[in-house]
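Welcome, and please load the model in your viewer. We will go from selection to selection, with a short note at each stop.

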Amino acid sequence: MPASLMIINYMSIFLVGLVLGSFYNVVGLRSVKGESVIFPGSYCYSCGRKLTYLEMVPVFSYFLLKGQCKSCNVKISPLYPILEFLTGLLFAVVFVAADSLSYMYLGWLLFSLLLIITVSDLKAMMIPDKVLFVFLLIFIFYRIIIPMTPWWGPILGFCAGFLLLNFIYIISRGNIGGGDIKLFAVIGILTGWQQVLLIFFFAVICGTMFSLVGLASGRFRSKQAIPFGPFIFAGSVICYFFGEHFLEWYISFLG
Ligand SMILES: [Zn+2]
C-alpha cells in the first residue's frame, strides 16, 4: 500500500479513537452514577446545560472553551481531553504494531475497557459492575469467534485473574477493591493466564513507583487510598506491547 494511503489509514483510526475516547469518558462518568450512557445528550456536570455540537468535539472543544463551561465557568478536568487523545493514539499504535487482526481487535477491546474504568476509578474510586458485565459478554463473544489454543485458555485466564486477586485481597487485608478482583477475572478471559498475571505484575510496579514518588515528594500520606485502575491500564499497555519480549528475556534469564 502506498505511504500516503497508510497515513490516511492511521489518521482515520486516530480520529475514530478520539470519538470513542469521548464516548468512554461519558460511559466512565455516567456508569458510576447509574445513568444511561445514551440519554440525555451531553450536558455540563455542574450546571446541567445541554452542550452544543461545537462543545462536543474531542480534545478540540476543551481548548476552544479554555477548559471551562461557558455558562457556569466550572473548570473542566484536563483528564477528559487527555483520555480522548490517549484513546486515539492507542488505537492507531495498536493498528500499526499488532502483527495479526485478532491481536489488533484484542488490543482495541482491552484498552476500551481499561480507559473506561480509568475514568470511573479516578472520578469515583469504583469500577462499575455494569461496565464489567458488558465487557464480560464482549470478551466471551470474542473468544468464541477467535478461540484460544487450548480452547479452555480463557477459563484458565478467568480463574487466574480471580484467584490471584483474591489471594492479594486476603494477604493485603482488603487493601484492594472488590472491583479490581472482578476486573482481572474479566481481563483473563480475553488474554489468558500468562498475560493477565503479567498485567498485574506491571500494574503493581507502576503503582509502587508512583506511590514512592508521591510519598518522597510529600504529595500524599502513607495509607492514603489511591485508585488502582489507572495502573492496571498502564500495566496492560506495557504488557500488550512488550509482554512477549519480557517473557522471552525472563525465560532466557532462567535458562
Ligand atoms: Zn456548566
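What are the helix and strand percentages over residues 108–211, and how far apart are the end C-alpha atoms? Select that span: the chain there is 83% helix and 0% strand, and its end C-alpha atoms are 28 Å apart. Helices here are DSSP runs of H or I with at least four residues, strands are E runs of at least two, and both are numbered from the N terminus.

Before moving on, a word on the ground rules. This is a predicted model, in which local features need pLDDT of at least 70 and side-chain atom pairs count only at pLDDT 80 or more, while totals for chains, interfaces and linings use all residues. Residues are numbered from 1 along each chain as its sequence is written, and side-chain values use heavy atoms, with hydrogens and water left out.

**Stop 1: the annotated spans**

Keep residues 108–211 selected: UniProt, in an unreviewed entry, labels them "domain: Prepilin type IV endopeptidase peptidase". Next, select residues 15–96, which carry the UniProt label "domain: Prepilin peptidase A24 N-terminal", again from an unreviewed entry. That span is 51% helix and 0% strand, with 15 Å between its end C-alpha atoms. UniProt positions are given in the numbering used here, feature names are shortened, and annotations may be inferred rather than shown by experiment.

The unreviewed UniProt entry also marks "transmembrane region" at several spans, including 79–97 and 127–145. Color these two. Residues 79–97 are 100% helix and 0% strand, and their end C-alpha atoms lie 26 Å apart. Residues 127–145 are 89% helix and 0% strand, with end C-alpha atoms 27 Å apart.

**Stop 2**

Now color by domain: the domain assignment gives domain 1 (1–97) and domain 2 (100–255). Such bounds come from an automatic or database domain assignment. The two centres, taken over C-alpha atoms, are separated by 24 Å. Domain 1 brings 20 residues to the contact and domain 2 brings 19 residues, where contact means heavy atoms within 4.5 Å. About 1,700 Å² is buried between the two domains, and carbon and sulfur atoms give 85% of this area. Buried area is the accessible area (1.4 Å probe) that two parts lose on being put together, summed over both.

**Stop 3: the zinc ion**

Select the zinc ion along with Cys-44, Cys-47, Cys-69 and Cys-72. Which atoms coordinate the zinc ion? The SG atoms of these four cysteines do, at 2.2 to 2.4 Å. Donors are N, O and S atoms within 2.8 Å of the metal (3.2 Å for Na, K and Ca); water is not among the atoms, so sites may look incomplete. Along the chain the donors follow the spacing C-x2-C-x21-C-x2-C. Cys-47 in the loop between α1 (3–33) and α2 (60–64) and Cys-72 in the loop between α2 and α3 (79–97) link distant parts of the chain, 25 residues apart.

Why is the arrangement tetrahedral? The four donor atoms subtend angles of 106 to 116° around the zinc ion, which makes it so; four donors count as tetrahedral if all angles lie between 85 and 135 degrees.

Cys-47 is partly exposed because its relative accessibility is 36%, and Cys-72 is partly exposed at 30%. Buried means under 20% relative accessible area, exposed over 50%, and partly exposed in between (1.4 Å probe, protein chains only).

**Stop 4: two residues in helices**

Center on Ser-236 in helix α9 (residues 229–254). Ser-236 is buried, with a relative accessible area of 1%. Show its surroundings: leaving out residues up to four places away in sequence, Ser-236 touches Leu-110, Phe-111, Leu-114 and Ile-199.

Then move to Ile-168 in helix α6 (residues 153–171). Ile-168 counts as buried at 19% relative accessibility. Apart from neighbours within four places in sequence, Ile-168 is in contact with Ile-176 and Phe-200.

**Stop 5: backbone details**

Phe-39 and Pro-40 are joined by a cis peptide bond, with omega about -10°, and Pro-40 lies in the loop between α1 and α2. Val-59 is in the loop between α1 and α2; it is not a glycine, yet its phi is positive, about 60°.

The peptide bond from Thr-149 to Pro-150 is also cis, with omega near -5°. Finish at Met-125, in the loop between α4 (101–124) and α5, where phi is positive at about 55° although the residue is not a glycine.

Methods
Four donors count as tetrahedral if all angles lie between 85 and 135 degrees; four count as square planar and six as octahedral if opposite donors are over 155 degrees apart and all others between 65 and 115; anything else is irregular.
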